[in-house]
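This report describes selected features of one protein model. Please keep the sequence and the structure in view while reading.

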Amino acid sequence: MPTADIKNIVIIGGSCAAIGSAVTWRDAPLPSHRLIIIEQKSHFHHVYAFPRAAVKSGFEDSLFVPYDNMFNKDNKVGQVIRAKAIAIHPNKVELDREVEGFGSFVPFSHLIYAAGTSIPAPGHFEAYDKAKGVGYLQVYQDLIRQSQKPVIIGGGAVGLELAAEIKDYYPEKEVTLIHSRDQYLAPYKYSLHQMTYNLLKNKLGVRQIMRDRVNLPENGFPLEVKPLVIQTKKGRTIEADLAITCIGMSPNSDLLSKLSEQTINSATKFIQVQPTLQIRDERYPHIYAVGDVIESTDIKTGHYAWLQSIAALRNIMKDIKGEGGPEPYVSKDIPLIKISLGHKKAVMQTNCLGPLITLGSCFVGNSVPDNLYADYSWLWLNAKPEDDAQYSQQ
């Protein structure tokens, strides 16, 4: 079939949600359609390893994986378009620039909205090419190397990992972690919090302040090493020379809200979906939303974004083949996680042995590779380092 006659399934966003669909589609595409991913970045970001790479140098290049060979360079199967989606219309996406073969619009028969969320650096960077992404990580490496009294604000996964990596790599530094709640990782078993707290305290020597919030400056703390006095809501005064804020998650739902305002939860800005993962707007049964940007009982991790994406794609393929209506996404609703807390130190919650259990570092630590599974991202994207020479650091 000529490329011009092939219809498009479009995904907005190129993170784990998109990759889950892309891998599934690549293995068994339909000849009548192709999968188009619209993504501003030249490379997939292996964000799981960003906290470590913000501290330890030498492997940051491997955390940015080119999209170029996602579909084996077969444009009849799929394509990653490097552009910004600036508007969604009922049957086409408008781009911020002209793209060869499409112009400024990409028509679609079905759309998966997977724009994700925004979180503070170094958990995520607005870096649209590899050189800038690597450069941002190296900025943090340099700041942390200079700092003697770094304070990490926020005890979510990124904050925990960052505090642990700093203290593990630089044991002489006075590292403080401030968390507003009385438990880390609240969606998980309390035992996971206990293991994490004890590892940070006893094995690493991180100072932990719980149940207190920092008085944040209006424009945030400066990203530089200099004497700081940090005040908390409960009246604590903490002397520091670097403050890194690891709190706040904002759904990237604005683009979809302009098409369907009723789909967006006005209080949280997350997208509301039907059990089938179609958006809650009967005018657009061909538009789905998945991943961190949606309201769901699933934990907001790449693992569940991947599974939701596959479920949405399968419903789309059912529709294309005329095999009946969409099926509900059945969430396993099982909170699974592995948190790396320094070299060969980690905790996890898993059901790999049947029941849901937590495991401490003595069981988990040695299983974590130094690059925190970046090899998997290269495998998913069908990429090889030698194919990425054009982006290598000079």
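Two strands are said to pair if DSSP finds at least two bridges between them. The model discussed here is predicted.

**The parallel sheet**

Strand β12, residues 176–178, and strand β13 run parallel and are joined by 3 bridges. Within this pair, leucine 177 stands opposite glutamine 208 of β13. Strands of a sheet pair through backbone hydrogen bonds, and the pairing may be parallel or antiparallel.

Both strands belong to an open sheet of 4 strands, in which the order is β13-β12-β11-β16 and the pairing is parallel. Which strands stand at the edges? They are β13 (207–209) and β16 (242–245); each has a single partner strand, so one side of each is left without a neighbour in the sheet. On average, neighbouring strands of this sheet are turned by 20° against each other, direction ignored.

Helix α4, residues 157–169, lies across β11 (150–153), β12 and β16. The helix runs at about 165° to β11.

Helix α5 covers residues 190–204. Its 15 residues should span 21 Å at 1.5 Å a residue, and the end C-alpha atoms are 20 Å apart, which agrees. Buried residues in α5 include Leu192, His193, Thr196, Leu199, Leu200 and Leu204. Glycine 205 follows α5 and has a positive phi, near 80°.

Helix α7, residues 302–321, has 20 residues. From its first C-alpha to its last it reaches 29 Å, close to the 28 Å expected at 1.5 Å a residue. Just after α7 comes glycine 322, with a positive phi of about 70°.

**Salt bridges**

Side chains of opposite charge can pair when their charged atoms come close. How many salt bridges does a search of the whole structure find? The search finds 11, and the table lists some of them.

| Side chains | Distance, N to O |
|---|---|
| Aspartate 142 and arginine 145 | 2.9 Å |
| Lysine 41 and glutamate 39 | 3.0 Å |
| Glutamate 327 and lysine 318 | 3.4 Å |

Are lysine 41 and glutamate 39 buried or exposed? Both are buried.

Aspartate 142 and arginine 145 both lie in helix α3, residues 130–146, and are 3 residues apart, about one turn of the helix. An α-helix has 3.6 residues a turn, so residues three or four places apart point the same way.

In the salt bridge between glutamate 327 and lysine 318, glutamate 327 is partly exposed, with a relative accessible area of 46%. Lysine 318 counts as buried because its relative accessibility is 17%, and the cut-off for buried is under 20%.

**Phenylalanine 105**

Phenylalanine 105 is found in strand β8, residues 103–107. Its relative accessible area is 32%, so it is partly exposed. Which residues does phenylalanine 105 contact, leaving aside its neighbours within four places in sequence? They are His89, Lys92, Val93 and Glu94. Between phenylalanine 105 and glycine 354 there are 249 residues in sequence and 48 Å in space, C-alpha to C-alpha.

**The annotated domain**

According to an unreviewed UniProt entry, residues 8–305 carry the feature "domain: FAD/NAD(P)-binding". This span is 23% helix and 25% strand, and its end C-alpha atoms lie 21 Å apart.

Conventions: Residues numbered from 1 in each chain as written. Heavy atoms only, no water. UniProt positions renumbered as here; feature names shortened; annotations may be inferred. Helix = DSSP H or I, 4+ residues; strand = E, 2+ residues; numbered from the N terminus. Expected span 1.5 Å × (residues − 1). Buried < 20%, exposed > 50% of the residue type's maximum accessible area, 1.4 Å probe, protein only. Axes fitted to C-alpha atoms, helices over the stretch in contact; angles between N-to-C directions. Contact = heavy atoms within 4.5 Å. Salt bridge = Lys/Arg side-chain N within 4 Å of Asp/Glu carboxyl O.
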